[in-house]
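Could you walk me through this structure? I am new to it and would like a friendly guide.

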Amino acid sequence: MKAVIIGIVLGLALGVAKICMNTKLFHRDAYEKTFACPNCGARFNVKWYQMLYKVNTVYVYNEAHLRCPVCRKKDMCSVVYDER
C-alpha cells in the first residue's frame with residue numbers, strides 16, 4: 001500500500017513540475033544563466049529547481065539569493081554576462 005501511495009505522489013509531483021516548466025511562471029533561460037558569488041568571486045550555474053521561486057528576482061534585479069558551491073555562503077549572487 002505504501003508503494004502505491006509513493007508512486008501516486010511521485011507521479012503528481014512530476015506532472016506539476018512538467019506543467020511549471022511549460023508556463024510563464026517558469027522561464028527556461030533563468031536557470032541557464034551564470035552567477036557570480038560576491039564573497040569569493042566563483043562563477044557557477046544552478047539547477048532548474050533552485051530557480052523555481054527566484055525567477056522574478058533574476059529578471060528584475062539580475063540577482064538571486066543563492067548558496068555558492070565553493071564557499072558555501074548564501075548571498076545575493078549577480079548574473080554574469082560574457083563579453084564577446
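Here is a short walk through the chain, from its overall plan to a few single residues.

Please keep in mind that this is a predicted model, in which local features need pLDDT of at least 70, side-chain atom pairs count only at pLDDT 80 or more, and totals for chains, interfaces and linings use all residues. Residues are numbered from 1 along each chain as its sequence is written, and side-chain values use heavy atoms, with hydrogens and water left out.

Let us begin with the overall plan. The chain has two helices and four strands; helices (H or I, at least four residues) and strands (E, at least two) are DSSP runs, numbered from the N terminus. Of the contacts in the chain with a separation of 6 or more, 43% are between residues 24 or more positions apart, where contact means heavy atoms within 4.5 Å.

Now look inside. Of the 84 residues in the chain, 24% are buried; buried means under 20% relative accessible area, exposed over 50%, and partly exposed in between (1.4 Å probe, protein chains only). In soluble globular proteins, nonpolar side chains tend to be buried together. Here the largest nonpolar core has twelve residues, among them Phe 35, Phe 44, Met 51, Leu 66 and Val 79. Such a core is a set of buried Ala, Val, Leu, Ile, Met, Phe, Trp, Tyr and Cys residues joined through side-chain atoms within 4.5 Å. Strand S3 (63–67) and strand S4 (74–80) are the elements that give two or more residues to this core.

Val 9, in helix H1 (residues 2–21), is partly exposed at a relative accessible area of 49%.

Finally, visit two loops. Asn 62 counts as partly exposed, at 33% relative accessibility. In the loop between S3 and S4 sits Arg 72, again not a glycine, with a positive phi of about 65°. Arg 72 is exposed, with a relative accessible area of 53%.
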